[in-house]
Amino acid sequence: MKKELRNAYIALGLVSFFWGTTYIAARIGAQHIPGLFVAGVRQFMSGLLLVSFFLIKGYKIPGWQVLKRISVQGIFLLCIANGLLTWSVEYISGGLAAIIAALVPLFIALFTVWLSKCAKITRVMIIGLVVGFAGVITIFYDYLGQMQNRSFLFGVVLALLSTLSWSFGTVYTAKQKPKIEILFSVGLQMFIAGILMLIVCGITGKYSNLAFADQSSLLALLYLIVFGSLLAYSAYVFAISKLPPTRVSVYAYINPIVAVLLGWLLLAEKMNLVMLLGMLITLGGVYIVNRESKKVTNG
């Protein structure tokens, strides 16, 4: 058990760092390829590789009941959450998307309380919510001039919807543990989600011919497939199967720091004292809610 827990924390460390880098990779890829198509290709290729590996090893496709649970997980975590987030960075910076996604632990805590049939929202949790959203308001104070830009506003809404879907999907995944090899389940999630997103891209016209994509976008897409999905998403699902959702959600404290710093260094994205202050306030509020929710759900 100790070895299993140690591996779970190692997996959580990988998620904390590499997912921070994927915001920048997604931003680079989405500048020349539609974001939803980037997400679709990323998940489809990652899933295809993992599923093929397990089928070659002699694994069988699970029955409908298990496949249905895996599909629901894939839809919430990958189709809606990852798809919308990658789409959002067509319009907003990777650093800002990561800061919005930092609200994940806050919403995970609320969904955990709700789905645990524990309606107890304590005074401390309310304080944490207020602090967290005060941090978000501080961050967006610096973006007031851009809020009149419909594209920018659309990107923010996409990122917020993504955060809600990811939070709910995380709590759902922690409660639904189908009896199947974890990485095989991950592969099926990605494969199913990838197919669904590519179908949507085909219907909406949000696709492009990768043969004519520029080198930076293709390299970003390759990075997302290898490090964002095969490595980090597999590590995430492993961690969430071994650790409580509220504990796993600490990765969201680190992701925005990595994303903002890399965005500033590599893409000359905005970073100033107001943004840093807002990020610290937001993470402080998230920490308060996250800490209190553990007390509530653990009785």
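Me: Which helices each supply at least two residues of the nonpolar patch?
Reply: In this predicted model, a nonpolar surface patch of about 490 Å² is made by I75, I80, I195, L196, I199 and I203. The largest share of that patch, four residues, comes from α8, and I80 has its place in helix α3. The helices that each supply at least two residues of the patch are α3 (64–88) and α8 (182–204).

Me: Is I80 buried, partly exposed or exposed?
Reply: I80, which belongs to helix α3, is one of the residues that make the nonpolar surface patch. A residue is buried under 20% relative accessible area and exposed over 50%. Because I80 has a relative accessibility of 31%, the residue counts as partly exposed.

Me: What covers the buried residues of α8?
Reply: Helix α8 has 23 residues and reaches 33 Å from its first C-alpha to its last, close to the 33 Å expected at 1.5 Å a residue. While α8 gives four residues to the nonpolar patch, other residues of this helix are buried, among them F184, L188, M190, I192 and M197. The cover over the buried residues of α8 includes α2 (35–56), α3 and α9 (215–242).

Me: Which residue just after α8 takes a positive phi?
Reply: Helix α8 covers residues 182–204, and the residue in question comes just after this helix. Its phi is about 85 degrees, and the residue is G205.

Me: How many residues apart in sequence are the parts that the pair of Y59 and F184 ties together?
Reply: A search of the whole structure finds 20 aromatic pairs, and one of them, formed by Y59 and F184, is edge-to-face, at 5.6 Å centre to centre with 65 degrees between the planes. Y59 lies in the loop between α2 and α3 and F184 in helix α8, so the pair ties together parts that are 125 residues apart in sequence.

Me: Why is the pair of Y236 and Y251 edge-to-face?
Reply: The ring centres of Y236 and Y251 are 5.7 Å apart, and because their planes stand at 80 degrees, the pair is edge-to-face. The pair links distant parts of the chain, with Y236 in helix α9 and Y251 in helix α11 (residues 251–267). Edge-to-face applies to planes over 60 degrees apart, and the angle for Y236 and Y251 is 80 degrees.

Notes:
Residues numbered from 1 in each chain as written. Predicted model: local features only at pLDDT ≥ 70, side-chain atom pairs only at ≥ 80, totals over all residues. Heavy atoms only, no water. Patch = residues over 30% accessible without salt bridge, like charges linked within 9 Å, V, L, I, M, F, W, Y side chains within 5 Å. Areas by Shrake-Rupley, 256 points an atom, 1.4 Å probe, with all protein chains shown as cover. Salt bridge = Lys/Arg side-chain N within 4 Å of Asp/Glu carboxyl O. Buried < 20%, exposed > 50% of the residue type's maximum accessible area, 1.4 Å probe, protein only. Expected span 1.5 Å × (residues − 1). Contact = heavy atoms within 4.5 Å. Phe/Tyr/Trp six-rings, centres within 6.5 Å; stacked < 30°, edge-to-face > 60°.
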